Amino acid sequence: MSAAVASFAGETFDCRVAFAGELIELARADDRIVAVCNDSVGSSNLGAFQKEFPDRLINVGIAEQDMVGVGAGLALSGYIPFVCGASPFLTGRALEQIKADVAYSHAPVILCGMSPGMAYGELGPTHHSIEDLSWLRAIAGLDIVVPADPAETRAAVRWAAGASRPVFLRVGRFKVPAVTDGFTFGAAARLRDGSDVTVVATGTMVSRALAAAELAAGDGVSVRVLNMSTIAPLDEDAIRAAVRETGAIVTAEEATTTGGLGAAVAAVVVAGPRPVPMRMLGVHREFAPTGDTAFLLEHFGLTAGDIRAAAVELSRG
Amino acid sequence: MLVADPATAAAWRRFREEFAAAGPDERRELLRARANRSRSTDLAMIGRAGLGHVGGDLSVLDILTTLFFAVLRVDPEQPEWPDRDRFVLSKGHTAGALYTTLAAAGFFAEDELRTFAGPHSALNGHPNRTKVPGVETNTGPLGHGLPVAVGMAVAGRLASSDRHVYVVLGDGELQEGSNWEAAMTAGHRRLSNLTAVVDRNRLQQGARTEDTAALDPLGDKWRAFGWDVVELDGHDHLALLGAFTAPRGDRPVCVIANTIKGRGVSFMEDRVEWHHKVPSAEQITAATAELAR
């Protein structure tokens with residue numbers, strides 16, 4: 001844990017690089033692995049994959065509905081397709097294909113939402129993907145995984161390739177420090193223990209939650225940090241334990257709080273047996289103003305300082 | 001998941017053998033009679049359930065019968081056989097036509113048709129591959145079948161398999177843009193292992209296609225997207241068979257099958273209200289008598 005926090009000030013990583021590296025390694029060992037994309041060879045970081053496996057990179061052009069359908073057809077024919085596109089377009093434009101062709105049809109497609117959240121900062125709300133978690137959580141049978149750093153991204157890619165079921169993988173572009181040592185599907189990782197309040201974070205917010213916990217310790221508040229990298233199915237036991245043992249919950253996500261991680265956690269918290277105070281950090285049904293990602297995370301109260309403030313306030317009732 | 005009916009599957013195999021050995025007139029009669037039996041079964045099923053898409057079922061049944069009883073390389077007793085031909089019904093609302101055809105081929109017992117649309121039936125109003133053998137992907141929302149079929153054709157190529165992918169599309173459905181994304185992909189990749197059949201009955205739910213959002217010149221559209229196009233009478237079984245078995249070029253093929261919605265039942269033919277109207281018992285009796293001729 002101390003290593004994780006120490007690295008916060010150090011090197012940061014674009015998770016797409018880890019994603020692409022792992023995908024190539026898997027593809028070398030298993031010729032069922034293919035990539036499908038929507039003119040996003042560059043933005044999905046698939047250039048090296050294309051070079052090594054030109055026949056196994058199916059670029060359908062700027063056509064997300066087709067892309068997801070083609071992925072489903074490949075999956076139903078025994079291939080393991082990683083369907084890659086910028087998350088706003090993959091999930092927004094092809095939502096019905098994700099529901100009907102992938103989830104409802106039990107087609108084991110790995111949907112890779114690249115550059116999610118507000119990674120495309122200045123490009124604006126059309127290119128932000130803060131709704132993806134909310135939309136996809138409503139779809140039965142679709143696992144949702146949000147890795148927090150390169151190691152977790154690599155492990156999640158490897159897990160997804162063998163999962164044999166529909167998966168949405170949210171692959172970050174905004175650079176993050178290394179904070180995990182891998183991925184366990186369906187299990188929240190307790191990256192730091194604490195007794196006064198729990199921060200449940202996902203994706204880009206995990207390293208910030210760890211930094212917030214360090215800051216809160218200076219205020220005399222003991223913060224537990226859960227890396228909730230599997231959003232669906234949710235690790236409800238970890239949440240119930242946090243409720244029982246720490247008595248207050250903060251959630252942090254680079255996404256809308258309407259239906260995302262916060263809403264998922266809240267549903268467990270209010271179900272009891274003893275509801276506790278809770279605060280949801282994220283975007284509250286707003287389109288972002290102009291600005292780069294770091295600015296927008298600050299604008300929406302998603303810095304380590306903001307998480308610390310919420311945790312300290314809740315812990316003091 | 002429903003399971004195969006071995007006796008019916010054996011009868012289906014005998015039909016295929018008899019068909020292969022038959023001359024043209026006999027072949028035409030074999031498929032005509034088989035399709036009309038499916039029409040009667042479908043009408044009875046819809047009457048029992050009190051719902052269904054009768055008009056489109058009747059227009060597509062000659063296409064489905066020709067495919068399943070004379071063309072598709074499938075095995076009802078091994079529905080997951082990896083090198084089988086793939087069949088996708090994109091116009092999923094005509095699930096009734098597919099169910100009656102699959103049951104007639106022995107993919108599952110014909111008795112199951114009695115459960116159509118009932119509580120917990122495997123036979124939902126739109127087909128579900130996790131419950132019904134012979135269904136390759138879940139359809140219902142329009143514009144979904146062709147992209148999935150394109151993915152299956154790409155998979156066939158990657159696997160160096162000679163299996164073929166057939167997808168049946170409604171004509172009204174072609175108003176969905178996703179079809180044209182997929183048509184572009186198939187044309188660009190020269191997927192000659194893919195055949196799309198358009199059930200061109202010229203009626204959509206509310207009106208004629210040409211009065212709603214015109215599709216013509218439909219053949220030119222497909223040709224412009226890089227497909228070879230065959231236009232034919234979609235109730236002429238031998239014409240369909242000829243198109244499905246003709247030597248292939250290096251492009252995907254679109255068969256524009258000109259059909260009549262409600263085909264085979266005089267009072268339903270080409271009438272928009274029979275998109276999903278349910279026939280009365282008397283109407284079913286009259287229709288069945290017509291189809292038995």
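A salt bridge here is a side-chain nitrogen of Lys or Arg within 4 Å of a carboxyl oxygen of Asp or Glu, and by that criterion the structure holds 36 of them over all chains. The model is predicted. Between chain A and chain B, however, the count of salt bridges is zero, whereas twelve residue pairs are in polar contact there, both residues of each pair being at pLDDT 80 or more.

**Interface between chain A and chain B**

- The contact draws 25 residues from chain A and 27 residues from chain B, and the two chains bury about 2,000 Å² between them, with 54% of that area on carbon and sulfur atoms.
- On the chain A side, A:Asp66, A:Leu76 and A:Tyr104 supply 26% of the area that chain A buries against chain B, which is more than any other three residues supply.
- Strand E2 (57-59), helix H4 (64-75) and helix H6 (95-104) of chain A are the elements that give two or more residues to the side of chain A that touches chain B, and H4(A) gives the most, with eight residues.
- Sorted by class, the side of chain A that touches chain B has eleven nonpolar, eight polar and six charged residues.

**A salt bridge within chain A**

- A:Glu214 forms a salt bridge with A:Arg192, the closest N and O atoms of the pair being 2.7 Å apart.
- Because A:Glu214 lies in helix H9 (residues 205-218) of chain A and A:Arg192 in strand E7 (residues 189-192) of chain A, the pair ties together parts that are 22 residues apart in sequence.

**Helix packing in chain B**

- The axes of helix H1 (residues 6-21) and helix H3 (residues 54-71) of chain B come within 9 Å and cross at roughly 85°; since angles of 65 to 115 degrees count as roughly perpendicular, H1(B) and H3(B) are therefore roughly perpendicular to each other.
- In this packing, B:Trp12, B:Phe15, B:Arg16 and B:Phe19 of H1(B) meet B:Leu67, B:Phe68, B:Phe69, B:Ala70 and B:Val71 of H3(B), and by class the contact has eight nonpolar, no polar and one charged residues.

**Backbone features**

- Most residues other than glycine have a negative phi, and most peptide bonds are trans.
- The peptide bond from A:Gly272 to A:Pro273 is cis, with omega near 20°, and A:Pro273 is found in the loop between helix H11 (261-270) and strand E12 (278-283) of chain A.
- The peptide bond from B:Asp216 to B:Pro217 is cis, with omega near 0°, and B:Pro217 is found in the loop between helix H7 (209-212) and helix H8 (218-224) of chain B.
- B:Arg190, although not a glycine, has a positive phi of about 50°, and B:Arg190 is found in the loop between helix H6 (177-188) and strand E3 (194-200) of chain B.

How values were computed
Residues are numbered from 1 along each chain as its sequence is written. Chains are lettered from A and ligands numbered from 1 in the order in which they are written. This is a predicted model: local features need pLDDT of at least 70, side-chain atom pairs count only at pLDDT 80 or more; totals for chains, interfaces and linings use all residues. Side-chain values use heavy atoms; hydrogens and water are left out. Contact means heavy atoms within 4.5 Å. Buried area is the accessible area (1.4 Å probe) that two parts lose on being put together, summed over both. A polar contact is a pair of N or O atoms within 3.5 Å; within protein, one must be able to donate a hydrogen and the other to accept it, and residues adjacent in sequence count only if both atoms are side-chain atoms. Helices (H or I, at least four residues) and strands (E, at least two) are DSSP runs, numbered from the N terminus. Ala, Val, Leu, Ile, Met, Phe, Trp, Tyr, Cys and Pro count as nonpolar, Asp, Glu, Lys and Arg as charged, and the others, Gly among them, as polar. Axes are lines fitted to C-alpha atoms, for helices over the stretch in contact, and angles run from 0 to 180 degrees between N-to-C directions. Angles under 35 degrees count as roughly parallel, over 145 as roughly antiparallel, 65 to 115 as roughly perpendicular and the rest as oblique.
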